Amino acid sequence: MKVAIVGVGAIGSLWATQLQQHGHQVICFTRAPSQTQLTLQLDVQPAIKLSANQPEQLASCDVVLITVKSTQVATAVEPLFSLLNPAVPVIFLHNGMGAVDILETKWQALPLYLATTTQAAFKSSSTQVHHTGYGNTLIGPHHHHCKPLSESILTQLNAALPNVNWDDNIQAALWKKLAVNCVINPMTALYQCKNGEIAQAQYQDQLRALIQECHQVMRADGQTSDLDELTAFIRQVITATAQNYSSMYQDVHHQRPTEIDFITGFLLKKAQQYGIEVPNHQRLYQQIKRLEV
């Protein structure tokens, strides 16, 4: 395949290296338009060179992966619209929810897909990528008139970075991921700790309250997840990623803007829509916003 990847942070770089190593032609789009080539090294594998910022190549791509942060989606993709083949699937893979919804209306005519992943990666330098956790990637439709992604594309994505699967009900998976992010990300950013540390006794009341409020909003939005099931899932993620620093922790630590508006902010908007009080999330949102200043 010929694949465009917009955004070469940790996850974008992981996809870029894996796809190229599996024989696909990869064109990366970065924040430096003058950059025409990119070097990436995945773990201890040999470094590879990738083409970068070649907008004339977009029209002939088989699939486009958008892996920028939710806060960067609109500014990163709006300039590309006129260059895209309107039949080519565009897959958005980022934390949070709502970023695709705020794109200009013209985007809704394209085949747009949402994805969520439990793959974990980080970049220790501009060229060095580390694959720190193996997981699953789910892809589903952004709107009802989207056809399922072609089996050929799914098969080739799965071969490059397994496991990749189609999910007709992607909203359920996105909501579960959002609940995880609403709990782990802001707590670890506020307390400047690893994920596993929020399992300590002093955080348990806050943890329970945050999960309960998430569950209320999810139920109002039509999600059927049981409270005990959601609690167990979030605690499982905390345990599995105990030694990791969340992306929001890293953003606060490095004094970068966070994705709080598309994580907790999205939850707050939904809570307001349904008339649900979520004081613990509201407080946490305000605390993170103060840290961003």
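In the predicted model, Phe81 is partly exposed, with a relative accessible area of 22%. A search of the whole structure returns five aromatic pairs, and one of them involves this residue: the ring centres of Phe81 and Trp107 are 5.1 Å apart and the ring planes meet at 65°, so the arrangement is edge-to-face. The two partners come from distant parts of the chain, 26 residues apart. Phe81 belongs to the loop between helix H2 (73–77) and strand S6 (90–93), whereas Trp107 belongs to the loop between S6 and strand S7 (112–117). In contrast to the partly exposed Phe81, Trp107 is buried, at 1% relative accessibility.

Another aromatic pair is formed by Tyr113 and Trp166, again edge-to-face, with 5.9 Å from centre to centre and 70° between the planes. Tyr113 is located in strand S7 and Trp166 in strand S11 (residues 164–166), so this pair ties together parts of the chain that are 53 residues apart in sequence. Tyr113 is buried, with a relative accessible area of 4%, while Trp166 is partly exposed at 22%. The loop between helix H3 (151–160) and S11 contains Asn163, which is joined to Pro162 by a cis peptide bond with omega of about 0°.

Helices H4 (170–191) and H5 (204–220) form a packed pair. The crossing of the two helices is right-handed. On the H4 side, the contact is made by Trp175, Lys176, Ala179, Cys182, Val183, Met187 and Tyr191. The H5 side contributes Gln206, Leu207, Leu210, Ile211, Cys214, Val217 and Met218. Lys176, one of the H4 residues in this contact, also lies over the face of Phe233, at 4.1 Å from the ring centre.

His215 is likewise a residue of helix H5. With a relative accessibility of 11%, His215 counts as buried. Apart from neighbours within four places in sequence, His215 is in contact with Ser225, Asp226, Leu227 and Leu230.

Helix H8 (residues 264–273) is largely enclosed by the rest of the structure, because seven of its ten residues are buried. These buried positions are Thr264, Gly265, Phe266, Leu267, Leu268, Lys270 and Ala271. They pack against three helices, namely H4, H5 and helix H9 (279–292). Just after H8, Gly275 adopts a positive phi of about 70°.

The loop between H8 and H9 also holds Val278, which is buried at 6% relative accessibility. Residues up to four places away in sequence being left out, Val278 touches Glu213, Val217, Leu268 and Ala271. The C-alpha atom of Val278 is separated by 9.0 Å from that of Ala209, a residue 69 positions away along the chain.

Positive phi values also occur in residues other than glycine. Asp43, in the loop between strand S3 (37–42) and strand S4 (48–52), has a phi near 50°. Its relative accessibility of 29% places Asp43 in the partly exposed class. Gln255, in the loop between helix H7 (247–253) and H8, has a positive phi of about 55°. At 76% relative accessibility, Gln255 counts as exposed.

Key: Residues are numbered from 1 along each chain as its sequence is written. This is a predicted model: local features need pLDDT of at least 70, side-chain atom pairs count only at pLDDT 80 or more; totals for chains, interfaces and linings use all residues. Side-chain values use heavy atoms; hydrogens and water are left out. Rings of Phe, Tyr and Trp (its six-membered ring) pair if their centres lie within 6.5 Å; planes under 30 degrees apart count as stacked, over 60 as edge-to-face and the rest as tilted. Helices (H or I, at least four residues) and strands (E, at least two) are DSSP runs, numbered from the N terminus. Buried means under 20% relative accessible area, exposed over 50%, partly exposed in between (1.4 Å probe, protein chains only). A charge sits over a ring if NZ of Lys or CZ of Arg is within 6 Å of the ring centre and within 35 degrees of the ring normal. Contact means heavy atoms within 4.5 Å. A crossing is left-handed if the near helix is turned anticlockwise from the far one by less than a right angle, and right-handed if clockwise.
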